[in-house]
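Here's a quick briefing to go with the model. Have a look at it first, then read on.

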Amino acid sequence: MKLAVFGYPIEHSLSPQIHSAFAAQFGRELEYARILAAPEQFSERLQEFHQAGGGGANVTVPLKEIALTLCDDLSERAHAAGAVNTLIRTKQGWRGDNTDGIGLVRDLQRLGVGLKDSRVLILGAGGAVRGVIMPLLNAGVSTLHIANRTAARAERLAAEFAEKFAGVTASSLTAIETERPWTVIINATAAGLQGERPHVSEKILHGQPFCYDMVYGQQPTAFLQWAAEQNCATADGLGMLVEQAAASYRIWTTEQPQTLPVLQALRQQLEQK
Ligand code: ATR
């Protein structure tokens, strides 16, 4: 099977390694390339890939929203996410799906975070957040609060889902409710990439919620360091990366790979860098 990941930049993508490890579990031959495509070249690169026999692909930053516009058919979750991270070639053309949200949900389940009837606080209101709202709600989350530096952006996003789910609310980072404890706080801002953490009150950690950061790296992000100092359990987004890959792999092959050994190997590799 001929697969690839498209992005800009793309050289540091771990996806080829993850999918090779999955394929090895089933003795499957897999060709999985990294393809660099600037947004304006993406459509052409994708067409070339198809002509060369490409049957499926992952899409990463900053191409996920453009990928949606290039699809002939969309899954419900890709539609709700407004973004596509998985492409499948069918007789009708490209079908777009999105496994980011289910990747997060599966990782939280692996970490023992119970989502049924839980109270989830998400920091951030960008594309990364939009992609995970529906899967979190489908996992039984009862309150999902979106807090963002720019409150209007959080409010706009919440309004898209609030009609179907009454438990979706929004505010600025400074107006987050602190009386009732949160079950889990998910940092989906880009702050960690700049070595910063979102400016939120320590009071949101009341009751010691599980703290998760979608960003991963050799060192814990500033947000996770801060949460750990307040004795909260923490995890970064490496597990989400592996779980979203597993869900994509399953769509292409129907095989369900084991994720834990792949995650452990990646973690070791990251720590040795
Ligand atoms: P993505 O698709 O990864 O979500 P994005 O759409 O650029 O990327 O969104 C980045 C998110 O990180 C936004 O929620 C942004 O807040 P604003 O909407 O107010 O810009 C948030 N963000 C980035 N840097 C931040 C920082 N230093 N502190 C808090 N939030 C930050």
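A quick word on terms: buried means under 20% relative accessible area, exposed means over 50%, and partly exposed is in between (1.4 Å probe, protein chains only). This is a predicted model, in which local features need pLDDT of at least 70 and side-chain atom pairs count only at pLDDT 80 or more, while totals for chains, interfaces and linings use all residues. Residues are numbered from 1 along each chain as its sequence is written, and side-chain values use heavy atoms, with hydrogens and water left out.

- As background, most residues other than glycine have a negative phi, and most peptide bonds are trans.
- Thr254 is not a glycine, yet its phi is positive at about 70°. Thr254 sits in the loop between helix H9 (238–253) and helix H10 (260–272), and it counts as exposed at 67% relative accessibility.
- Gln208 also has a positive phi, near 50°. Gln208 is in the loop between E10 and E11 and is partly exposed, with a relative accessible area of 45%.
- Tyr8 and Pro9 are joined by a cis peptide bond with omega about 5°; Pro9 is in the loop between strand E1 (2–7) and helix H1 (15–25).
- Val61 to Pro62 is a cis peptide bond too, with omega near 0°, and Pro62 falls in the loop between strand E3 (56–59) and helix H3 (64–69).
- Helices (H or I, at least four residues) and strands (E, at least two) are DSSP runs, numbered from the N terminus.

**Around the ligand**

- There are 14 residues around the ligand (a heavy atom within 4 Å), and Asn148, Arg149, Thr150, Arg153 and Glu196 come nearest.
- An N or O atom in the side chain of Asn148 is 2.7 Å from a ligand oxygen, and for the Arg153 side chain the distance to a ligand oxygen is 2.8 Å.
- From Ala190, a backbone N or O atom lies 3.0 Å from an oxygen of the ligand.
- Taken alone, the ligand exposes 650 Å² (Shrake-Rupley, 1.4 Å probe), and the protein buries 74% of that.

**The largest nonpolar core**

- A nonpolar core is a set of buried Ala, Val, Leu, Ile, Met, Phe, Trp, Tyr and Cys residues joined through side-chain atoms within 4.5 Å.
- The largest one has 31 residues, and those touching the most other members include Leu104, Leu136 and Ile186.
- Among the elements giving two or more residues are helix H5 (100–110), helix H6 (127–138) and strand E8 (143–148). H6 gives the largest share, six residues.

Conventions
A polar contact is a pair of N or O atoms within 3.5 Å; within protein, one must be able to donate a hydrogen and the other to accept it, and residues adjacent in sequence count only if both atoms are side-chain atoms.
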